[in-house]
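Please look over the sequence and the structure shown below before reading on.

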Amino acid sequence: MIAQDVVLEARGATRSFGPEVAVEDLDLTVRAGEVHAIVGLNGAGKTTLMRLLLGMLRCDSGTTCLRDGGGELVDVRHLRPRAWASVGHLVETPFTYAELTVLETVRCAARLHGLTVADAGPASQEIIGALALDHWSGRRTGTLSLGNRQRVGLASAMVHRPGLLVLDEPSNALDPAGVLVVRREILNAAGRGAAVLVSSHHLDEVARIADRITVLHRGHVVGTLPPDGADLERAFFAMVYGAEADGHLDLPADPARPRRT
Amino acid sequence: MRAALAVEALKLRRATAPRVAGLAVVLGVPAVTTGFIAAAEAAPTSQLALKVAPMLVGDGWVAQLSMVGQILSVAVLLSAGVVAAWVYGREHVDGTIGGLYAVPVRRRDVAVAKALVLLAWGVLVLLATLAVSLAAGAALGQGGLDSAATAALARAVLVGLLTLLLALPVGTAAHLLRGYLPGIGVLLAVVVVTQVVTVAGAGAWFPYAAPGTWAGMGGPELAEAVLPVQLALPVPVALGGVMLAAWWSERAEVR
């Protein structure tokens, strides 16, 4: 029985690249009005999972489903194109074209997400303001810093106020002020009722915005973390070590501890 | 489709590559044409004049416009081919391809929109090239266009359009091979194969050789022997290329 507020779902999703199993038999849901974070080491399968959920990759077995306008959870491979209008995403590379200005880029994203010419302009101006990009509005994106390109990518993902946001490490490359701005926009989106799926390496950041935290390791869900729990880092590594067959994972020692003594 | 067209047209208008490639044709073709003819007339026994002689048909406007057509058959393929490779391949190289997924605009519409804006760009480049060529001819005192000159002009227009169509599958190759450099590699291979096929005598039955042969690259006799059906070959080649790009867009995964 699937709860009515589930907007996005993976059911037994499995995907390999040659002999490498990226995601295996993975179940996950994202509900309206919640921020669901997935955390894991590099190569844990976070980006692959997001691509499967967005139909950028096909499952070898299992399915990924999105709730369409009619209220049904539909396999993303069979979704009507119009249903994607309620989705915003930023997976790996920001949607920026070096030759276009920030405003032009976001307007293009707005049109591709289904906004009319008349609506695309005001919506672009609004999200550019919300993400503190006004100063660079007329600048070509190719001249921006990596952090500001990331913000333009987020603006492109959010310009149409989607009901579902899928963001792969959204605070990557952002300065502390940028992190605050993006955090505010993600929480605002969830506050409006949007379902938000974010991936991150930053446990502190995740703890500040997530309602649920799922830990991925070697393509499997290995547990969940309480967002308000103490010492998330310790709990995270305990979960990851525990998922290894011999309880051992070759990770670098924490350099912070000797300095504190 | 309207949104895809608007986005693709804006990207093409703003980018440097199409401007440079277009200007190379608009200025390069008339410059090479008038330069070749002037060099041949100034020193008829020079090395350059001897090489240019087989390309010269008639004199005055006819000679100039015939040569414009011949050079267009190479220049448009190279120029539009590079731009087509860039238009499709850059989405993969720049990583923007993912942004074209999970949106209400169909990916096949984006692929077709890219082809349509490429055609519009190519027609503008072709018209500008012919305008500059005519202005150059007039500046050199060629006088008015008679019926033979008008026929040479019409032939140059058709050669340019057919060659433009032949550039579209280069974009498809770049799309399938996920980058503009592989697409440009395919373009260079096409140019080499066209030379080999032409030398081997298959000529006009090879779509990429047909417009050039009809323009007079192999001499007046071969040009007159080109059949209408051979001249029509670039149309299915272009349509097939665009349809393949559209089909691939719907099925390809983001890697």
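## Where two helices of chain B meet

In this predicted model, Val170(B), Ala173(B) and Ala174(B) of helix H6(B) are in contact with Tyr180(B), Gly183(B), Val186(B) and Leu187(B) of helix H7(B). Sorted by class, the residues of this contact are six nonpolar and one polar, with no charged residue among them.

The two helices cover residues 147-176 and residues 180-200 of chain B, and their axes come within 7 Å of each other while crossing at roughly 135 degrees. Because of that angle, H6(B) counts as oblique to H7(B). The crossing in which H6(B) passes H7(B) is right-handed.

## The loop between H6 and H7

Arg178(B) is placed in the loop that lies between H6 and H7 of chain B. Although Arg178(B) is not a glycine, its phi is positive, at about 60 degrees. Is Arg178(B) buried, partly exposed or exposed? Its relative accessibility is 28%, so Arg178(B) counts as partly exposed.

Helix H1 (residues 2-14) and helix H4 (residues 60-93) of chain B have axes that come within 12 Å and cross at roughly 120 degrees. H1(B) passes H4(B) in a right-handed crossing. On the side of H1(B) the contact is made by Glu8(B), Lys11(B) and Leu12(B), and on the side of H4(B) by Val83(B), Val87(B), Arg90(B) and Glu91(B). By class, this contact of H1(B) with H4(B) holds three nonpolar residues and four charged ones, and no polar residue.

## The span of helix H5 of chain B

After H5(B) comes Gly141(B), which has a positive phi near 80 degrees.

Ser156(A) belongs to helix H4 of chain A, which covers residues 146-158. With a relative accessible area of 2%, Ser156(A) is buried. When residues up to four places away in sequence are not counted, Ser156(A) touches Phe95(A), Thr105(A), Val106(A), Ala109(A) and His113(A).

Glu185(A) is found in helix H5 of chain A, made up of residues 176-191. Its relative accessibility is 10%, and Glu185(A) therefore counts as buried. Which residues does Glu185(A) touch, not counting residues up to four places away in sequence? They are Ile127(A), Ala130(A), Leu131(A) and Met158(A).

## Two loop arginines of chain A

Arg82(A) lies in the loop between strand E5 (73-75) and strand E6 (87-90) of chain A. Its relative accessible area is 51%, so Arg82(A) is exposed. Leaving aside the neighbours within four places in sequence, Arg82(A) is in contact with Gly114(A) and also with Pro104(B). Between Arg82(A) and Leu187(A) there are 26 Å in space, taken from C-alpha to C-alpha, and the two are 105 residues apart in sequence.

Arg218(A) is found in another loop, the one between strand E9 (212-217) and strand E10 (220-225) of chain A. The phi of Arg218(A) is near 50 degrees, which is a positive value in a residue other than glycine.

Technical notes
Residues numbered from 1 in each chain as written. Chains lettered and ligands numbered in written order. Predicted model: local features only at pLDDT ≥ 70, side-chain atom pairs only at ≥ 80, totals over all residues. Heavy atoms only, no water. Axes fitted to C-alpha atoms, helices over the stretch in contact; angles between N-to-C directions. Helix = DSSP H or I, 4+ residues; strand = E, 2+ residues; numbered from the N terminus. Parallel < 35°, antiparallel > 145°, perpendicular 65-115°, else oblique. Left-handed = near helix turned anticlockwise from the far one by under 90°. Contact = heavy atoms within 4.5 Å. Nonpolar A, V, L, I, M, F, W, Y, C, P; charged D, E, K, R; others polar. Buried < 20%, exposed > 50% of the residue type's maximum accessible area, 1.4 Å probe, protein only.
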